[in-house]
Amino acid sequence: MHKLLVEFIGTFFLVFTVGATIRAAAPLAPLAIGAVLMVMVYAGGHISGGHYNPAVTVAALVRRRIGAAEAAGYWAAQLSAGLLAAVVAGATISASPVHTVAPRGHGMTSALIVEFLFTFALAYVVLNVATSKDHPHNSFYGLAISFTVVVGAVSVGDISGGAFNPAVVVGGAAMGLLGWSTLTYLVPELIGAVAAGLVFRALNPADR
């Protein structure tokens with residue numbers, strides 16, 4: 001239960017920050033989102049691993065860092081936190097005119113590709129800096145993970161909205177920041193997570 005509570009808290013603040021900064025049209029939204037992920041990873045990483053993202057949990061499951069039953073609990077905590085964050089952000093943050101991200105046609109194809117790429121990158125970084133036996137006591141993992149999100153948000157945010165996280169997709173759709181059609185992002189995000197887990201295992205066959 002401690003792990004699930006940590007995952008709930010971290011995911012809540014991540015999705016709430018996404019909603020708050022975008023609804024308020026904050027110019028430094030990508031940096032704020034990356035920063036809240038960083039501090040939550042440092043705050044709870046020693047307890048739950050600091051996933052705050054169902055796709056990262058999938059990658060950890062494929063990498064054999066977490067069992068299926070525990071992963072299911074993580075997913076429930078993360079998705080419910082994302083939905084609660086959407087409700088709280090909608091009730092407390094006055095919205096500036098926000099363009100709902102709802103790509104169509106070729107735009108949707110591009111969005112699906114970049115969501116795959118940066119979810120893969122995020123999960124790949126998490127596995128290597130936070131679960132590798134070669135970095136048992138490092139102090140840089142939170143920065144590496146958070147800046148992966150910042151890079152993705154800045155470079156492809158205008159294409160897909162820069163979710164890279166099923167909890168962000170669900171919460172973003174509930175807030176009206178993402179169109180409900182973006183639920184299709186869940187497919188490439190989960191494929192990217194599985195790919196990251198498999199690549200980690202291929203590159204680190206002795207790391208169990």
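Me: What should I know about the model before I start?
Reply: The model is predicted, so to speak of local features we need pLDDT of at least 70, while side-chain atom pairs count only at pLDDT 80 or more, and totals for chains, interfaces and linings use all residues. Residues are numbered from 1 along each chain as its sequence is written, and side-chain values use heavy atoms, with hydrogens and water left out.

Me: How many helices and strands does the chain have?
Reply: Helices (H or I, at least four residues) and strands (E, at least two) are DSSP runs, numbered from the N terminus. Here the chain has eight helices and zero strands, in the order α-α-α-α-α-α-α-α from the N terminus.

Me: What radius of gyration does the chain have, and what would a compact globule have?
Reply: The radius is taken over C-alpha atoms, and the globule rule is 2.2 Å times the number of residues to the power 0.38. For 208 residues the rule gives a value near 17 Å, and the chain agrees with 16 Å. Along the principal axes, the C-alpha atoms fill a box of roughly 50 × 35 × 30 Å.

Me: What share of the residues is buried?
Reply: Buried means under 20% relative accessible area, exposed over 50%, and partly exposed in between (1.4 Å probe, protein chains only). In this chain, 49% of the 208 residues count as buried.

Me: At what angle do the axes of H1 and H2 cross?
Reply: Axes are lines fitted to C-alpha atoms, for helices over the stretch in contact, and angles run from 0 to 180 degrees between N-to-C directions. Helix H1 (residues 2-23) and helix H2 (residues 29-48) have axes that come within 9 Å and cross at roughly 175 degrees. That makes H1 roughly antiparallel to H2; the cut-offs are under 35 degrees for roughly parallel, over 145 for roughly antiparallel, 65 to 115 for roughly perpendicular, and oblique for the rest.

Me: Which residues meet between H1 and H2?
Reply: Contact means heavy atoms within 4.5 Å. Among the residues of H1 that take part are Val 6, Ile 9 and Phe 13, and those of H2 include Ile 33, Val 36 and Met 40. The residues of this contact divide into 12 nonpolar, six polar and two charged. Ala, Val, Leu, Ile, Met, Phe, Trp, Tyr, Cys and Pro count as nonpolar, Asp, Glu, Lys and Arg as charged, and the others, Gly among them, as polar.

Me: Which residues does Val 62 touch?
Reply: Leaving out residues up to four places away in sequence, Val 62 touches Val 194, Gly 197, Leu 198 and Arg 201. Val 62 is in helix H3 (residues 54-62) and counts as buried at 16% relative accessibility. Although Val 62 and Leu 198 are 136 residues apart in sequence, their C-alpha atoms are 6.7 Å apart in space.
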